[in-house]
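Subject: structure handover

Hello,

The structure is below for your records. My notes on what was found in it follow.

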Amino acid sequence: MSKSFIEQVHYIRIPVRDLNQSAHWYRDVLGLQLLSITEDPYAVIKVNEGPFLLILVPSEDETFAHFTINNESAFSIGFTSPDLYGFHQHLIDNGVKVEDIIEDNEHAYFHFFDPNGNKLQVHW
């Protein structure tokens, strides 16, 4: 096998309809760090202490950061949480569209949607 020239995933771009609303939702509801909203425009969101970033990109198109399998939406971005049940309740308390927690073989997860309809997952 040859040596990889890729070190790590640095960022993922997420389409949003309202850049300011979305940037503040990711900060205020998910608790992530809003680094900047640029003039280009896009927003840079830092995921905790690691190097990983979410880049929110405004789009008027009907497009999402997830895809479909057999006409069912499937997430492409998955987070982890040390308090899955507490996070689930926090999202409900903040009016976020969430699905039920699924427990499967000592693994638990649920899906939720950002204000733009992007399907996301969190698991432990």
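Strands β8 and β9 run antiparallel and are joined by two bridges; strands (E, at least two residues) and helices (H or I, at least four) are DSSP runs numbered from the N terminus, and two strands count as paired if DSSP finds at least two bridges between them. Ile 102 is the residue opposite Tyr 109 in β9. The two strands make a hairpin with four residues between them, and Asn 105 in its turn has a positive phi of about 50°.

Before the rest, the basis of the numbers. This is a predicted model, in which local features need pLDDT of at least 70 and side-chain atom pairs count only at pLDDT 80 or more, while totals for chains, interfaces and linings use all residues. Residues are numbered from 1 along each chain as its sequence is written, and side-chain values use heavy atoms, with hydrogens and water left out.

On its other pairing, β9 is joined to strand β10 (residues 119-123) by five bridges, and these two run antiparallel. Across this pair, Phe 113 stands opposite Lys 119 and Phe 110 stands opposite Val 122. The hairpin of β9 and β10 has five residues between the strands, with Gly 117 at a positive phi near 90°.

These strands belong to an open sheet of four, in the order β7-β10-β9-β8, with mixed pairing. Its edge strands are β7 and β8 (102-103), each of which pairs on one side only.

How many of the six residues of β9 are buried? Six of six are, where buried means under 20% relative accessible area, exposed over 50% and partly exposed in between (1.4 Å probe, protein chains only). Both faces of the strand are covered: Ala 108, Phe 110 and Phe 112 lie on one side, and Tyr 109, His 111 and Phe 113 on the other.

Aromatic contacts come next. Rings of Phe, Tyr and Trp (its six-membered ring) pair if their centres lie within 6.5 Å; planes under 30 degrees apart count as stacked, over 60 as edge-to-face and the rest as tilted. By this rule there are five aromatic pairs. One of them is Phe 87 with Phe 112, edge-to-face at 5.8 Å centre to centre and 85° between the planes. This pair links distant parts of the chain, as Phe 87 is in helix α2 (residues 84-93) and Phe 112 is in strand β9 (residues 108-113), 25 residues apart. Phe 87 is buried at a relative accessible area of 16%, and Phe 112 is buried at 0%. Phe 110 and Phe 112 also pair, in a tilted arrangement with 6.0 Å between centres and 50° between the planes. Phe 87, Phe 110 and Phe 112 form one aromatic cluster.

Phe 113 has a contact of another kind: the charged end of Lys 97 sits over its ring, 4.4 Å from the centre. The criterion is NZ of Lys or CZ of Arg within 6 Å of the ring centre and within 35 degrees of the ring normal.

Elsewhere, strand β4 (residues 53-58) is largely enclosed by the rest of the structure because five of its six residues are buried. Strand β1 (residues 11-16) pairs with β4 in the parallel sense over six bridges, and Pro 15 stands opposite Val 57 in β4. Strand β3 (residues 43-46) runs antiparallel to β4, with four bridges joining them; here Ile 45 stands opposite Leu 54. Six residues lie between the strands of the β3 and β4 hairpin, in which Asn 48 takes a positive phi near 50°.

Of its 15 lining residues, the closest to its centre are Leu 30, Leu 32, Asn 48, Phe 79 and Thr 80. A pocket is an open set of points on a 1 Å grid over the protein atoms alone, where a 1.4 Å probe fits, with protein on both sides within 12 Å along at least five of seven lines; lining residues have an atom within 4 Å of a point.

β7 (77-80) and α2 each supply at least two lining residues, and β7 gives the largest share, four residues. By class, the lining has nine nonpolar, six polar and no charged residues. Here Ala, Val, Leu, Ile, Met, Phe, Trp, Tyr, Cys and Pro count as nonpolar, Asp, Glu, Lys and Arg as charged, and the others, Gly among them, as polar.

Regards
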